[in-house]
Amino acid sequence: MKDATPSMVLLSEYRAPDWVVEDLDLRFDLDPASTRVESLIRVRRAEGAEAGAALRLHGRDLELLRLEVDGKAPESGAVTTDAEGLLLTGLPDSAAITVETCIRPEANTALEGLYVSGGTLCTQCEPEGFRRITYFPDRPDVLTRYRVRLEADASRYPVLLANGNRVEAGELPAGRHYAVWEDPFPKPSYLFALVAGDLSCVSDRFTTRSGREVALEVYVEHHNRDRCAHALASLKRAMRYDEDAFGREYDLDVYMIVAVEDFNMGAMENKGLNLFNAKYVLASPETATDNDYVHIEGVIAHEYFHNWSGNRVTCRDWFQLSLKEGLTVFRDQEFTTDCTLFGVKRIDDAQGLRAFQFPEDAGPLAHPVRPDRYAEINNFYTMTVYEKGAELIRMLRTLIGREAFRRGLDLYFERFDGQAVTTEDFVDVMAEASGRDLARFRRWYTQAGTPRVTARTHFDSRVGALQIDLGQETPPTPGQQEKHPLHIPVRLSLLGRDGRVLPARLEGAAEATEFVVELTEEAQSFRLSGLREAPAAVSWLRGFSAPVRLDAGQDTAELAHLVVHDDDAFARWDALQALLRRAVIARIGSEPDPVLEAALTTAIGALLEDSGIEPVVLATLLDLPSHRELMESFERADPVAVDAARHAVEQAVFQPLAERLASGAPDPGRWDDGAFTAEAMGQRRLLNRILALRVAIGAAGAVEDAVRQYREARSQTLAMGALAAVNDSADPARGELLADFERRHRADPLVLGKWFALESGSQVGDGLARLERLLDHPGFRWSNPNRVRAVLGPFMAQNHRHFHREDGAGYQRLADYLEHLDSLNPQTSARLAQPLTRWQRLDPARSAQMRQVLERLAGKDLSPDLADVIQRALAR
């Protein structure tokens, strides 16, 4: 980075490929030290391409052994080598190109292309990993059919897997064997996958609604085969749900999942052969928490749903990444809502957006859901592309209605099956299916930033009508100073004095109790008539109907009324969050607001007495706003002071409720069975939340209860709940319990990762010294992304006292770690660097220290991934 600025890839320069790849034959002679790859690429000039158009074959870190065109070496001057790979000129209209390369999987610490994980050879090709395997047009709009032959040592690699269906297998001389796989569906190179290893297969079967018998196979290390039942059950639920909810059926004879320990992402949807980070496959009640179970189910479903939204219909270029990811996140969110967390899923989604995506939209890394430029595409696998992209799909459904949305989705899959398309194509189909003008809605894809919506109301008692005045504004973001109005659906209801929802009529519509008003201009007014009384409160943005920041000007009494009475779980939670946020801000700005804090205690006390609230909803209502979200309430803030104010509000509000919290906690003995049901998980979530609150406010006997819960826990959920409750406690029990946990689980990498995260995130003691000890622990490996994230991630996100030390030592230490990590795994280093990009939101002293760290890193020889993040952070 110190010598060059990363070059930009621009959407405006997109050009359709000049060459069509008719089919691809791959042959792998697999060996971890040196693997030979032979590819036969049959190409023809695309219709309309210029006669002299060159063929680009992307390649990176490859040893080229042989290159032939139609069986002969290319003529002199016909091949040019550059930073992108090879450029072939002078080709006939059709040709067969043979390429032989040598790669070294065991030296590949970047975990892109073909690499080694725990003795298993595996691949990760999205977005541009295939070019690390062989020379090929490695772009998502080049789709072709693959035939793959794998050869390897039979004793070392008895399992040989690739995409599609296995059509041939057999023995070879010298103790070797082979397998041939064919994928009948054209796919881009980023969906290619292979696996070779000594793995155990746990299998099941699924019958599609048309009668196809599909073999389901989960491959894991032999000692983990007893932890696959939940993954298989989740897969079968997802397959059935996709048929029932979206009309999508599976299309191959086998669906395979392989769990690997070393993986940069959560999972990868390679056609028919999904590779998964092991933490999103392996689970048992003794080793995985309820959150782990939910995440496994969600990720399993997400990757399966990609079979249609991503594989059968893929993205034309990487600017269109949200076309597949936003749509698939929406689909997996619907699955989890309907099947598991129906009470609180939308709250969980909103929490994630506010804590992570909203800050991303307000920072130096802000970008549209469909960006128009990038320097390093790995850095655009973001909350904006994924989760905000999913919110765009949800808003589309709200605007056009469920029936029209389903028609549009069916038309989309039918029209574009086997093609690489754009977000514009998707929105066009929805407009066609609904008859709606969605021109203004398209701006959501091209405009970065989180809109700020203002809402004010006036009730006219003479005619029983409520006037609603809405306005919108989106702040400037890097590269986009001028903003335009968006198409924003605002769902709302009116609550009366007794808490009931009031019926009313929106102009031109029948009487209803819930309304969606469409804000499309900078300012608009709407009128609800037919009201027999003045509303006591307006329930805004119900179901989190749009990813916006809302200022409704509601006072404490109105928000408290919503907390006690609102029947929309999100709106109820949002009202309570607003009150808690005000209380924290008051403590930082001047003095505590005792009236507000007393009102909070009263409202929460009413929630604790309300037997009609589901436990999972109550547990979620008892959460305070996250530190990350609170930091966004200020232009600049002292992060340690914000953490202290948050804790002070927690004590002031909940200490008067200590007895009610203790008496309202579920019985651990009844619910500690690890059952994956909404009721059981809700009870355990409430139990852990109440325990954490009691320890935080210093309630009598709370630490002793945490110790008892840990000692008696049969499930990992309650054991981790107890550890989390005492993790910031100075009580000696904390150290004793965590030491015991480490002794019990030091041989289990996934469970030990929980211990690493707790120790790293704890604010007690000397956090930097403890961080060094964690990095020296025998269970830590810099080459394992899970372990690196477990140690460095919580330190930056939760350990405010030590990461944000006044002397800047926390920032300096993290910069050292990132520089080292960047030499091994650029993707992981770039993602972990993102907390350093928020330097302008810190108090002046810390802001200067963090900027100095960024400038020091900028002077180093960094990967394009990390250099891109640092450059954008400093450019703001």
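Trainee: Which residue in β15 is the bridge partner of A162?
Mentor: That's L194. Keep in mind that this is a predicted model, where local features need pLDDT of at least 70, side-chain atom pairs count only at pLDDT 80 or more, and totals for chains, interfaces and linings use all residues. Residues are numbered from 1 along each chain as its sequence is written, and side-chain values use heavy atoms, with hydrogens and water left out.

Trainee: How many bridges join β12 to β15?
Mentor: Four, and the two strands run antiparallel. Strands pair if DSSP finds at least two bridges between them. The names come from DSSP runs, numbered from the N terminus: helices are H or I with at least four residues, strands are E with at least two.

Trainee: What's the strand order in that sheet?
Mentor: β9-β10-β15-β12, an open sheet of four strands with antiparallel pairing. β9 and β12 each have a single partner strand, so one side of each has no neighbour in the sheet.

Trainee: Switching to helices: at what angle do α20 and α21 pack?
Mentor: About 155°, with their axes 9 Å apart. Axes here are lines fitted to C-alpha atoms, for helices over the stretch in contact, and angles run from 0 to 180 degrees between N-to-C directions. So the two helices, α20 and α21, are roughly antiparallel, a label for angles over 145 degrees.

Trainee: Which residues of α20 and α21 meet there?
Mentor: In α20, they include L738 and F741, and in α21, W755 and L758 are among them. Contact means heavy atoms within 4.5 Å.

Trainee: OK, new topic. Is H306 buried or exposed?
Mentor: H306 counts as buried because its relative accessibility is 0%. The cut-offs are under 20% relative accessible area for buried, over 50% for exposed, and partly exposed in between, with a 1.4 Å probe and protein chains only.

Trainee: And where is H306 found?
Mentor: In the loop between α2 and β21. Not counting residues up to four places away in sequence, H306 touches E269, N311, K324, E325 and T328.

Trainee: What about A830, which helix is its place?
Mentor: Helix α26. A830 is also buried, because its relative accessibility is 0%.

Trainee: How far apart are A830 and A867 in space?
Mentor: 8.1 Å, C-alpha to C-alpha, although 37 residues separate them in sequence. Leaving aside neighbours within four places, A830 is in contact with N379, D865, L866 and V869.

How values were computed: Parallel < 35°, antiparallel > 145°, perpendicular 65-115°, else oblique.
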